[in-house]
Amino acid sequence: MATRPAGGILSRMMARKSIAQVQRESASSELKRTLGKWNLLLLGVGCIIGAGIFVRTGSAAALHAGPAVLLSFVVAGIVCAFAGLCYAELSSTLPVSGSAYTYGYTTLGEFVAWIMGALLLLEYGLAASVVAVGWGGYVVSLLADIGIVIPPQFTGPSGYPLVLDGVAVLVDGQPVTTIFNLPAFLICIALALLLVRGVSESAKVNNIIVAIKVSVLVAFIAVGGLIVLSNLGELVAKNWTPFIPPNQGDGKFGVDGIMRAASIVFFAYIGFEAVSTAGQEAKNPQKDMPFGIIGSLVVCTVIYMLVAAIMTLLVPYGALNVPDPVAVVVDNFGPQWGWLAKIIKIGAIVGLTSVVLVLMYGQTRIFYTMARDGLLPRVFATVHPKFKTPYINTLLVGVITAVAAGFFDINVLGDMTSVGTLAAFAIVCLSVIYLRRSAPELPRGFSVPFYPVLPILGIASCAYLITTVPWNVLVFFLWYMLGGVVLYFVYGIHKSNLQNGREADGGPEMGEFPAPVGEQP
């Protein structure tokens, strides 16, 4: 039985689940240690490569770093390495399944777990909106290739100037503004309805989707690389001079711009946590986990840098501030490569569709878990009698992601996702430090090297990248978090199962939907 925490408000906020309690609630079976270091590396590559490189690289280069966006990928990769090693220690120390929400509940307490749940809404929910906007961009581009044109006013966020081929559209001398992003809205609603019915993807299907995404990038690098090498000198002089554009202030170009772009392309690395959560299945976690995490980050950084190099060499970086930068670049390969451009766009659409689906799935399951813990209303854990899915929860997530994708700018959405994820990563690093001090006797399959230097660097680097985000986004983030804190004290702390001495509500069994490997941004 769970016991009700005694004491004042602070002790109640820091009430923690015991590891044994979480184990009972998760009721997970024993996992076999079958993954070697190369398995972990390939798992990481499949999880990391996704929507980020297809969607956000262009705006990072166009608005902030120019060709030096290559260096931004290095910075973002290093920050992810710090957080990844901390994730690895937690996953090998706490024998529980679940997200960073669960780690927070068992280390820093209920209030931090609530904050983590709010942050994960940004990491999963808004990330799904960002990917949906990118999906819409590639669909619009592909449809245009076959002669189907969606009115451009319905392909962008509300109230933004309509830009075609880098030029603002004018009517009677006045700029035309976009009204609504219809494709992005529709894909979110469609996938939410699909999730309500229940979806189960086999490992073979997941592997095919990962292969498609990687093949698209390999084809892009191979063909784009040949075109670049055939005219390297002229392209460097034209589009890479200067490599680091002069600093214009406010995070535009220069070293400041590189760091600002790092917080943007950071989105492309979300998903590497899947490697760290495989700690219980690693044959030799002490050696294999750092190899898998660092190795996959290095491989993906190299791939990302190659893609970014080809993008900025073939197309002036100022023209890449679009939801579908890869499509813009392949259209510049030349008419003889028109067939390849269509294949790459189709591959991107397939990959992005699956990413939106899994991100929305992940968000619904976070809400479901919090509702079972009593921190959210029970309705979020209500399961459909026929489909065995949390249907009310799923429909709400679908509406939230659809409205965000339909009305908001992709850069604002992406910045919010990055801020939420960076804050969550910083808490994970802090959890490692706390657990080392409070429970040094716990057996650890993997320990962060150079402790406490690397966890401290993880916290500091995440905090620094957050400060590079525009002030208006940070203000919105602060208000969002303040609202979350108020909601906790108004509802969560009073209804929490842990506060009331109850075990989590097991809830009815849901239909299976194994989260696919390799389907992160």
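Biologist: In which helix is the place of I9?

Modeller: A word on the basis first: this is a predicted model, in which local features need pLDDT of at least 70 and side-chain atom pairs count only at pLDDT 80 or more, while totals for chains, interfaces and linings use all residues. Residues are numbered from 1 along each chain as its sequence is written, and side-chain values use heavy atoms, with hydrogens and water left out. Helices are DSSP runs of H or I with at least four residues, numbered from the N terminus. On that count, I9 has its place in residues 9–13, which form helix α1.

Biologist: Is I9 buried, partly exposed or exposed?

Modeller: Buried means under 20% relative accessible area and exposed over 50%, with partly exposed in between, using a 1.4 Å probe and protein chains only. Because its relative accessibility is 47%, I9 counts as partly exposed.

Biologist: How much accessible area do I9, L10, M14 and F489 have together?

Modeller: Patches take residues with over 30% relative accessible area and no salt bridge, and nonpolar side chains (Val, Leu, Ile, Met, Phe, Trp, Tyr) are joined within 5 Å; a salt bridge is a side-chain nitrogen of Lys or Arg within 4 Å of a carboxyl oxygen of Asp or Glu. The areas come from the Shrake-Rupley method with a 1.4 Å probe, and for residues only the protein chains shown count as cover. I9, L10, M14 and F489 form a nonpolar patch on the surface, and their accessible area together is about 360 Å².

Biologist: How far apart are the end C-alpha atoms of helix α20?

Modeller: The expected span of a helix is 1.5 Å times one less than its number of residues. Helix α20 has 25 residues (471–495) and should therefore span 36 Å, which agrees with its end C-alpha atoms being apart by 35 Å.

Biologist: At which residue does α20 bend?

Modeller: The bend at a residue is the angle between axes fitted to the seven residues ending there and the seven starting there. Among the buried residues of α20 are F477, M481, G484 and Y488. The bend of about 50° in α20 is at Y488.

How values were computed: Helix = DSSP H or I, 4+ residues; strand = E, 2+ residues; numbered from the N terminus. Patch = residues over 30% accessible without salt bridge, like charges linked within 9 Å, V, L, I, M, F, W, Y side chains within 5 Å.
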